[in-house]
Amino acid sequence: MNVEETYDIIIVGAGHAGCEAALAAARLGFETIMFTVSMDSVALMPCNPNIGGSSKGHLVREIDALGGEMGKNIDKTYIQSKMLNISKGPAVHSLRAQADKGEYTKQMRLTLMREPRLTLRQAEVTELLTEEIMPAADDLVNGAPIAGAVRKVTGVKTYSGAVYHGKAVVICTGVYLKARCIYGDTIYETGPNGLMAATKLSASLEASGIELRRFKTGTPPRIDKKSVDFSKMAEQKGDEYIQPFSFTNRSEDITREQISCWLTYTNDETHRVIKDNIDRSPLYSGVIHGTGPRYCPSIEDKIMKFPDKDRHQLFLEPEGEFTDEMYLDGMSSSMPEDVQYRMVHSVAGLENAKIVRPAYAIEYDCISAINLKPSLETKAVQGLFFAGQMNGSSGYEEAAAQGLMAGINAARLLACKEPVVLTRSDAYIGVLIDDLVTKETAEPYRMMTSRAEYRLLLRQDNADLRLTDIGHDIGLIDDERYSRFCLKRKTIETEIDRLKNTYVGANRRIQEYLESKGSMPVATKVSLADILKRPEMSYNNVVELRKLAEEVYGKDEDESLDPDMIDTAGLDMSEITRQIEIQIKYEGYIERQNAQVEHFKKLEEKKIPENIDYSDVKNLRIEARQKLDRIRPRSIGQASRISGVSPADISMLLIYLKM
């Protein structure tokens with residue numbers, strides 16, 4: 001007499017990937033159910049409670065441009081906001097916001113529960129239900145008939161024995177699969193923050209042909225604010241101008257009082273304590289078997305692997321507005337509890353600090369994403385998708401991006417539509433997913449700006465210009481928002497065109513104005529766009545110059561940007577002017593990168609049949625043949641990015657396809 005229910009799409013896990021997947025599926029019209037081991041774990045931030053950061057801020061703005069929720073939610077719940085890398089070019093500017101941890105979870109949970117076609121259920125999913133089907137004679141994959149039986153997902157079963165039927169399942173279990181938390185000799189068979197681990201699903205996945213592996217991540221100690229001496233630390237304030245993550249918000253709409261973070265450092269004593277006790281670290285004693293992240297190492301890893309460094313940065317960051325818990329960013333560790341106290345007390349400002357929660361490492365099961373299609377559907381089971389840390393990535397933002405795409409593609413599978421696959425020239429999301437499904441990583445994957453070949457095109461400031469059309473076509477951007485976006489795009493294009501076709505000459509008043517701004521005078525007639533390309537000139541300078549030119553030469557028939565019209569439409573004037581300035585100043589570089597993209601697209605357009613037999617391709621090296629056969633790239637472009645496949649192998653493959 002067990003419970004038995006039927007839904008269109010089933011989401012397993014309610015972390016950042018699960019939330020985006022569930023909302024996308026439900027908003028696209030499908031009855032969706034999302035399972036979580038605890039309602040307290042919905043959109044949980046078990047590690048650092050912040051959203052964004054270098055390259056990760058790009059992902060959040062792309063999620064928003066496609067119709068996702070993360071950007072809107074952090075705009076509601078941030079307690080400090082900062083634009084990083086502002087001393088560098090716009091390609092690497094990245095927004096980062098410290099979240100109120102509890103409020104972020106609360107607001108996301110509320111959003112989920114108010115979604116009409118979405119059901120939340122607290123239960124542990126223990127079994128994946130599948131069946132073998134024979135494809136119809138006219139079913140084709142890349143123009144070729146499907147050979148043999150195909151395994152297809154049909155639903156899931158929970159620990160209580162309840163059965164939930166579904167046509168697509170998205171697995172977003174994060175770090176909960178067979179999780180265990182470790183510090184010193186203390187081992188808990190739990191998920192993060194003491195929440196229940198999912199212990200039984202792993203066996204069912206392996207029985208369905210899904211290969212698992214073991215990864216590890218960690219978190220630092222939480223400190224009681226009352227026990228901290230802030231006079232020995234450097235205060236880190238947020239930006240005065242708040243740039244929203246969501247393109248639906250304006251700065252003035254979300255500006256609020258911010259809470260400071262604090263900077264301190266490790267020292268010789270900290271390093272001595274760690275070195276003297278390194279044999280007690282589970283990382284070095286062999287207790288931990290999972291592979292940890294390269295770009296977010298534990299403090300003991302930093303000290304042992306970089307002995308030349310005499311100190312490392314530590315940021316003490318608030319976990320929320322209504323808690324005294326503070327996150328010690330930079331001191332992730334799995335050291336025993338007594339060693340953690342000595343480490344913390346050696347740091348300036350933390351001599352008398354009280355630890356609210358000790359640091360710990362967490363091991364968990366995940367998959368190798370090379371077993372996925374670029375749509376994030378598995379190659380082994382039809383209708384089964386994976387997203388988030390389950391795919392071997394790390395970070396809330398990477399998880400949310402994958403969850404959004406998996407939710408979209410699960411819905412499109414049921415609607416008999418082609419999957420949405422973003423390329424490396426479309427978005428950081430495209431880079432992220434392509435890396436995961438193409439380049440087998442032996443450690444948790446982290447997004448970085450250096451991974452994107454076309455990062456000047458994939459800036460965080462133009463994510464809406466790149467992706468809102470796609471979001472609208474998918475059905476996640478409504479007509480009202482799309483109309484505002486179209487007005488913004490037209491306004492930018494019209495103003496850029498006007499600046500390119502408005503000229504000033506060598507008039508004395510023009511020359512005096514340029515000299516007052518530290519800019520060289522002009523010898524002959526020159527466009528305002530060319531003036532704006534000068535490093536010392538801003539868009540506001542050019543506006544002033546245009547007004548001066550109107551006094552000298554007479555008013556142009558074309559009207560300038562109308563701030564009142566923009567405000568009435570709910571657009572952000574600063575966003576528009578920033579976009580105009582960037583597009584003009586970097587025009588030459590952008591054109592050069594666009595030419596590179598055209599070459600890239602030619603390789604991506606050369607498709608490889610899904611049923612190709614690589615043993616028939618002559619002169620392929622054994623390593624290349626093995627990796628091509630395992631990953632099954634969909635195009636020559638993807639094949640060229642597989643580690644171990646050389647340019648000579650690609651040439652042989654091209655010859656074979658041509659023949």
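# Aromatic pairs, cavities and selected residues

Tyr482 and Phe485 are three residues apart in helix H14 (residues 479–500), so about one helical turn separates them. The model described here is predicted.

## Aromatic pairs

Six aromatic pairs are present in the structure. One of them joins Phe35 and Tyr164, with 4.8 Å from centre to centre and 75° between the planes, an edge-to-face arrangement. This pair links distant parts of the chain, as Phe35 belongs to strand S3 (residues 32–36) and Tyr164 to strand S12 (residues 163–165), 129 residues apart. Phe35 has a relative accessibility of 1% and therefore counts as buried. Tyr164 is buried as well, with a relative accessible area of 4%.

How are the rings of Tyr482 and Phe485 placed? Their centres are 5.9 Å apart and their planes meet at 35°, so this pair is tilted. Tyr482 has a relative accessible area of 19% and is buried, because the cut-off for buried is under 20%. Phe485, at 6%, is also buried.

## Charges over rings

The charged end of Arg311 is placed over the ring of Tyr265, at 3.6 Å from the ring centre. Over the face of Tyr503 lies Lys525, with 5.2 Å to the ring centre.

## Cavities

How many cavities of 30 Å³ or more does a search of the whole structure find? The search finds two. The table gives their volumes and the make-up of their linings by class.

| Cavity | Volume | Nonpolar residues | Polar residues | Charged residues |
|---|---|---|---|---|
| Largest | about 40 Å³ | seven | two | none |

The lining of the largest cavity consists of Pro374, Ser375, Met405, Asn409, Val420, Val421, Leu422, Ile429 and Ile433. Helix H11 (396–414) and helix H12 (428–438) are the elements that give two or more residues to this lining.

Among the residues that line the second largest cavity are Ile74, Asp75, Tyr78, Ser81, Leu95 and Ala97. The lining also includes Ile242, Gln243, Pro244, Phe245 and Ile254. At least two lining residues come from each of helix H3 (70–77), strand S5 (78–84) and strand S6 (94–99).

## Two single residues

Helix H3 also holds Asn73. Is Asn73 buried or exposed? Its relative accessible area is 0%, so Asn73 is buried. Leaving out residues up to four places away in sequence, Asn73 touches Tyr104, Gln107 and Met108.

Ile259 is found in the loop between helix H6 (251–254) and strand S19 (261–265). Which residues does Ile259 contact, leaving aside its neighbours within four places in sequence? The contacts of Ile259 are Ile79, Gln80, Pro318, Gly320 and Glu321. Ile259 and Ala17 are 242 residues apart in sequence, and their C-alpha atoms are 28 Å apart in space.

Technical notes: Residues are numbered from 1 along each chain as its sequence is written. This is a predicted model: local features need pLDDT of at least 70, side-chain atom pairs count only at pLDDT 80 or more; totals for chains, interfaces and linings use all residues. Side-chain values use heavy atoms; hydrogens and water are left out. On a 1 Å grid over the protein atoms alone, a cavity is a set of points where a 1.4 Å probe fits but cannot get out, and a pocket is an open set with protein on both sides within 12 Å along at least five of seven lines; lining residues have an atom within 4 Å of a point. Grid points are joined across faces, edges and corners, and a volume is the space filled by probe spheres set on the points. Helices (H or I, at least four residues) and strands (E, at least two) are DSSP runs, numbered from the N terminus. Ala, Val, Leu, Ile, Met, Phe, Trp, Tyr, Cys and Pro count as nonpolar, Asp, Glu, Lys and Arg as charged, and the others, Gly among them, as polar. Rings of Phe, Tyr and Trp (its six-membered ring) pair if their centres lie within 6.5 Å; planes under 30 degrees apart count as stacked, over 60 as edge-to-face and the rest as tilted. Buried means under 20% relative accessible area, exposed over 50%, partly exposed in between (1.4 Å probe, protein chains only). A charge sits over a ring if NZ of Lys or CZ of Arg is within 6 Å of the ring centre and within 35 degrees of the ring normal. Contact means heavy atoms within 4.5 Å.
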